[in-house]
Amino acid sequence: MGITIRRATIHDIQAMQNANLHNLPENYQLKYYMYHILSWPQASYVATTYDDITPEADLYAEDDGKAEAEVPEIVTKDVEDPKGDTSYIDKGEKIVGYVLGKMDDDPDAQNRKAHGHITSLSVMRTYRRMGLAEKLMRQSLYAMCECYGAESVMLHVRKSNRAALNLYLALEFTTSSVEHSYYQDGEDANCMKLELKLEDLVPSKFQKGVEDDFSQDLI
Ligand SMILES: CC(C)(COP(=O)(O)OP(=O)(O)OC[C@H]1O[C@@H](n2cnc3c(N)ncnc32)[C@H](O)[C@@H]1OP(=O)(O)O)[C@@H](O)C(=O)NCCC(=O)NCCS
């Protein structure tokens, strides 16, 4: 099961909203997702995976006793996605995490330096601690800086949200202020900020995969 991180599109907004409703008490109308994606198309990302929704028994055509070495023909059956599950964008493709980002749209801020804002981030429970949130954040921060010239980015996080606070500290955000009773239930928010420098943000710098060993290539 591979996971892809790609730019969010308008087709993803319902599945993003679904993930948000599952994971966070701060929810938004679909038009707010649309506003982000249409206004700053480079700033929001999704993590997606493909479910193998083809029943195993249907994967191969019946073995009619032909040569053993013969590769069985794969039967691609037209299987419906689980009805009403809004995690799915397309047949089998579902969203397991997202980051929703934007640029400062305060009309009074026209003459100020450009800065970005992380509106929302979440990863579905079974896909956590795999590095997805960190990757989604790094992609968004890089794009905000490269495409929109953001010099800094800020976000709000609940004081009690240990997982998110650790994530943002790992990304080198610092707390710039505490906003009292920021959330509807009265909880305080840490307002966190990160100065952006393009050369420090290049996503390939953070890939932890095995390096290619070209000396082993056969010529
Ligand atoms: C916060 C959240 C997005 C993290 O997603 P994730 O994909 O599991 O995070 P990652 O795997 O990328 O973790 C990166 C780092 O964040 C920190 N972290 C993540 N989850 C953590 C946890 N449960 N406890 C402590 N630290 C945690 C760790 O430093 C981690 O690095 P490590 O795994 O090398 O120790 C996820 O827990 C979530 O969706 N929570 C509910 C929604 C939410 O709180 N969103 C943030 C709103 S501000």
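Helices here are DSSP runs of H or I with at least four residues, strands are DSSP runs of E with at least two, and both are numbered from the N terminus.

**Figure 1. Overview of the predicted model.** The model shown in these views is predicted. Its chain has 219 residues, of which 27% count as buried. The secondary structure comes to five helices and eight strands, arranged along the sequence as β-α-α-β-β-β-β-α-β-α-β-β-α. Among contacts between residues at least 6 apart in sequence, 69% join residues at least 24 apart.

**Figure 2. Glu172 in the loop between helix 4 and strand 7.** The loop that holds Glu172 runs between helix 4 (162-170) and strand 7 (174-179). The phi angle of Glu172 is near 75 degrees, which is positive although the residue is not a glycine. Is Glu172 buried or exposed? Glu172 counts as exposed because it has 9 C-beta neighbours inside 10 Å, and the cut-off for exposed is 12 or fewer.

**Figure 3. Arg129 in the loop between strand 5 and helix 3.** Arg129 also has a positive phi without being a glycine, here of about 60 degrees. The residue lies between strand 5 (115-123) and helix 3 (132-148). Arg129 has 8 C-beta neighbours inside 10 Å and therefore counts as exposed.

**Figure 4. Strand 5, helix 3 and strand 6.** These three elements make a β-α-β unit, and the unit is right-handed. Which residue of strand 6 stands opposite His115? The residue opposite His115 is Ser152.

**Figure 5. The two faces of strand 6.** In a regular strand the side chains alternate between the two faces of the sheet. Strand 6 covers residues 152-158, and its side chains alternate. On one face are Val153, Leu155 and Val157, which are buried.

**Figure 6. Pairing of strand 6 with strand 8.** Strand 8 comprises residues 189-195 and runs antiparallel to strand 6. How many bridges join strand 6 to strand 8? There are seven bridges between them. In one of the pairings, Arg158 has Ala189 of strand 8 as its bridge partner.

Figure 7. Ile95 is part of strand 4, residues 93-103. Why does Ile95 count as buried? Ile95 is buried because 23 other C-beta atoms lie within 10 Å, where the cut-off is 20 or more. Leaving aside residues up to four places away in sequence, Ile95 touches Asp12, Ala15, Met16, Ala19, Val46, Thr48, Ser87 and Ile89. A separation of 9.0 Å lies between the C-alpha atoms of Ile95 and Val123, two residues that are 28 residues apart along the chain.

**Figure 8. Shell around the ligand.** There are 20 residues around the ligand, and those that come nearest are Arg128, Ala133, Ala163, Asn166 and Leu167. Which element provides the largest share of this shell? Helix 4 does, with six residues. Helix 4, strand 5 and helix 3 each supply at least two residues of the shell. Sorted by class, the shell holds 11 nonpolar, five polar and four charged residues.

Methods:
Residues numbered from 1 in each chain as written. Predicted model: local features only at pLDDT ≥ 70, side-chain atom pairs only at ≥ 80, totals over all residues. Pairing = 2+ DSSP bridges. Right-handed = clockwise from strand over helix to strand, strands pointing away. Contact = placed C-beta atoms within 7 Å. Near = placed C-beta within 6 Å. Nonpolar A, V, L, I, M, F, W, Y, C, P; charged D, E, K, R; others polar.
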